[in-house]
Amino acid sequence: MRKIYLLLILAGLLASCKDDGLPRIDDISTGQVTITLAGLDNQAAGFDVLLRNLQTNSIFTAKTDAAGVAEFRTTPGIYEASATGGYALEGVAYNFNGTSGQITVRTNQTQQVTITMKSIRTSQLVIKELYNGGCLADDGTTKMQYDKYVVLYNNSAQPASLSNLCFGFLSPYNAQATNNNYNAEGRLTYESEGFTPVLDGIWYFPATLDIAPYSQIVVNIHGAIDNTQAYSQSVNFAHEEYYCMYDPESGYNNTRYYPTPSALIPSSHYLRAYRWSQSNAWPLSVASPALLVFQTHDISPALYAANTENTWYDSGEVRQTKQCIKVPNPWIVDAIEVFASGYKDSSKKRLTADIDAGYVWLTNYQGHSLYRNVNKTATEALPENAGKLVYGYALGVDGTTDLSGIDAEASLRQGAHIVYQDTNNATNDFHERQICSLRN
């Protein structure tokens, strides 16, 4: 196993030897950080490392060089780091993610940190888009949040058939809320346990879900009606092909979130719920959720959730509001970690590195969505896409965009097949989109 020593330096530190009055690096109080990536048995160069200062939210990136060694200094503070990369060997692609706990950098000291890289697998089914942040009413001030949805996409050339497919989310509801699931080393307590805890309740498809190659399904989370009748900037879910989360008998019966679905949506497209909390609506965050898509294996979702042997308590507090179920990590199909753009200095990850090593920012109540980036190389390589791809994508928010330049929705309307990027790192895989795709 080759070890990589990576030291990251903040922008603005000058190592110039010129006598120009500017501070030299030796004149600045700095500390040294040494990050060692473990768990890599072959090629180690070219891994992307992201360092975030938890106090200032400054983000810095570096790429490992061919020798695997780089030495830098950085200013004191508390940081977290993540690493993503991979290599191909004899025709097989190997991809890895890894994250650190909190890294404390002190003046004139060296901090040694080891990040254990975990292999990741790509899924046939991916979250293509999440719209959870709501919009403004026509008066420009009232906030509308009862119109959430998620789009699932078959990211392959083979038909997808999935049984016992479920949705869940993690605690805390918002990434910026107090998270007591970190240990003294700054790691999630369940990181080494092989499961991911899901809070409050789950939704699931009552029958096997079949999705054709390069096709999608829309799942309404809240408000399965034509919301544009009252809110022009919202979404019309009155469509016979859409699915919706609607199961009042489960206890999720708050009519603001669950009006009677549009008559155009067949009842066979209603998802079912299993609730173990006292919530009257599935409380998916309007600001910063951690959403999970998973399958229960060899057992129905309701039976698995009802089995108390699968119970885990958030923060170790044995009470109903903290009750979760343990989802084995091999059951997870896809996930996305969302941070609220207004809380860049206090957001913490809930998903572990092997599930999602990054996060994507969201500005809520603006009609924005979180949209998966296009895998440019794979999409352009499909021969059937000749003459069908539309370029010049320009719907990113605050400098975030799809770097492929391909306008996926416009290309889909032209009959193209899109292959989306899937590295299990939301920072790389998603961007904030100005207008959710169902309105575009």
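The largest pocket here has a volume of about 910 Å³. A pocket is an open set of points on a 1 Å grid over the protein atoms alone, with protein on both sides within 12 Å along at least five of seven lines; the volume is the space filled by probe spheres set on the points. Keep in mind that this is a predicted model, where local features need pLDDT of at least 70, side-chain atom pairs count only at pLDDT 80 or more, and totals for linings use all residues. Residues are numbered from 1 along each chain, and side-chain values use heavy atoms, leaving out hydrogens and water.

**Pocket lining**

- The largest pocket is lined by 35 residues, meaning residues with an atom within 4 Å of a point.
- Leu-403, Gln-421, Asn-425, Thr-427 and Asn-428 sit nearest the pocket's centre.
- Strand 6 gives the most to this lining, five residues; strands are DSSP runs of E, at least two residues long.
- By type, the lining splits into 17 polar, 13 nonpolar and five charged residues, with Asp, Glu, Lys and Arg counted as charged, Ala, Val, Leu, Ile, Met, Phe, Trp, Tyr, Cys and Pro as nonpolar, and the others as polar.

**Ser-250**

- Ser-250 is in the loop between strand 21 (243–245) and strand 22 (270–275).
- Ser-250 counts as buried because its relative accessibility is 15%, and the cut-off is under 20% (1.4 Å probe, protein chains only).
- Beyond its neighbours within four places in sequence, Ser-250 is in contact with Ala-273 and Arg-275 (heavy atoms within 4.5 Å).
- A polar atom of the Ser-250 side chain lies 2.6 Å from the backbone oxygen of Asp-247.

Notes. On a 1 Å grid over the protein atoms alone, a cavity is a set of points where a 1.4 Å probe fits but cannot get out, and a pocket is an open set with protein on both sides within 12 Å along at least five of seven lines; lining residues have an atom within 4 Å of a point. Helices (H or I, at least four residues) and strands (E, at least two) are DSSP runs, numbered from the N terminus. Buried means under 20% relative accessible area, exposed over 50%, partly exposed in between (1.4 Å probe, protein chains only). A polar contact is a pair of N or O atoms within 3.5 Å; within protein, one must be able to donate a hydrogen and the other to accept it, and residues adjacent in sequence count only if both atoms are side-chain atoms.
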